[in-house]
Amino acid sequence: MKHAVELIVNNSNRHPEFRYYIRLMKKAERNSLNQPDICIETCKSLLEGISKSIIERLDSAADRKSLDRLDISPLVKKATQLLKQADNVIEDDFVTRCSSLAHALGTLRNERGDISHGKAVPKTVASDDRLSQLCMSMTESVICYMLDIFYQLSPVTPVAKIEVVPPENPLDDLPVILFEDNSDFNDWLDDIYPLPEGRVVYSSALYELYFEDYVIQLEAYRESTENEP
C-alpha cells in the first residue's frame with residue numbers, strides 16, 4: 001500500500017493522527033501471501049476506520065459511539081456521501097461501488113477472519129493469496145481516492161479534539177519498506193542462509209513472517225555497507 005502510505009505521510013503536517021493507519025497497511029502487506037485472511041480482515045478494518053475518521057471531521061454532529069455501532073457498509077457510504085457533498089467530483093455510482101466493496105470485505109471477514117471472529121480448526125474455508133492481493137489493491141484505491149479528496153477540504157472538527165494514538169511499537173512508525181526495493185540486502189541474506197531448492201528463499205520468509213527482524217537486519221546491513229571504504 002505504498003501510495004496510500006505516501007499520501008498520509010505527505011499530509012501528516014496537518015493530520016498527523018492518520019499515521020495510525022500506516023501500521024495496519026504494513027500488516028496487510030506482510031500477511032498478503034502467507035495469511036491471506038488476516039490481510040483481508042485488516043483491509044476491512046482500514047476502510048472502516050478511515051471512514052469513521054472522515055465522518056468525524058466532516059460532520060460536526062457525528063458521535064463516535066454511534067459510529068462504532070454501524071457496520072462497515074453504511075460507514076463507507078456515509079463517508080463517501082459527505083465527501084461528495086463537499087466535492088462534486090465523486091459520482092453517485094462511486095458511492096454505491098464503495099459500499100459494495102465494503103460489504104464484500106465485511107462478509108469475507110465474518111466468514112473467514114482469524115482474529116475478530118476466531119475459527120475452530122481446521123477452517124472449512126480459507127482465502128488464497130490472489131484474493132488477498134485483489135482485496136488489498138481495491139482497498140488501497142478506494143482509500144487513496146477518499147483521502148485525496150478529504151485532504152483538500154477544511155475539516156469541521158479541529159484536529160485538537162481528536163485523540164492521537166501513539167504507535168504501539170517504535171518500528172510501526174518507520175516508513176514502509178518494500179521487499180523488492182532491497183535486492184542487494186535480500187541477495188546477501190540468501191547467500192548467508194541458503195535453503196533447499198524448492199522452498200521459499202530466506203529473505204522472503206524473513207520479510208513476510210518476521211518483518212521487525214527484517215527491518216533491524218536491513219538497518220545493520222545499510223550501516224555496515226556505508227562504513228565500508
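Modeller: In this predicted model, Lys2, His3, Ala4, Leu7 and Ile8 of helix H1 meet Glu140, Ile143, Cys144, Leu147, Asp148 and Tyr151 of helix H7. By class, that contact has 7 nonpolar, 1 polar and 3 charged residues.

Biologist: What makes H1 roughly parallel to H7?

Modeller: The two helices, residues 2-10 and residues 129-151, pack at an angle of about 20°, with their axes 9 Å apart. Angles under 35 degrees count as roughly parallel, and therefore H1 is described as roughly parallel to H7. The crossing in which H1 passes H7 is left-handed.

Biologist: Why is serine 203 called buried?

Modeller: Buried means under 20% relative accessible area, and serine 203, at 1%, therefore counts as buried. Serine 203 lies in helix H9, and beyond its neighbours within four places in sequence it is in contact with Phe179, Asn186, Leu189, Asp190 and Tyr214.

Biologist: How do you know that arginine 57 forms a salt bridge with glutamate 56?

Modeller: The closest N and O atoms of arginine 57 and glutamate 56 are 3.9 Å apart, and the criterion asks for a nitrogen within 4 Å of a carboxyl oxygen, so the pair qualifies. Glutamate 56 also forms a salt bridge with arginine 64, where the corresponding separation is 2.7 Å, and Glu17, Glu56, Arg57 and Arg64 are linked in a network of salt bridges.

Methods. Residues numbered from 1 in each chain as written. Predicted model: local features only at pLDDT ≥ 70, side-chain atom pairs only at ≥ 80, totals over all residues. Heavy atoms only, no water. Axes fitted to C-alpha atoms, helices over the stretch in contact; angles between N-to-C directions. Helix = DSSP H or I, 4+ residues; strand = E, 2+ residues; numbered from the N terminus. Parallel < 35°, antiparallel > 145°, perpendicular 65-115°, else oblique. Left-handed = near helix turned anticlockwise from the far one by under 90°. Contact = heavy atoms within 4.5 Å. Nonpolar A, V, L, I, M, F, W, Y, C, P; charged D, E, K, R; others polar. Buried < 20%, exposed > 50% of the residue type's maximum accessible area, 1.4 Å probe, protein only. Salt bridge = Lys/Arg side-chain N within 4 Å of Asp/Glu carboxyl O.
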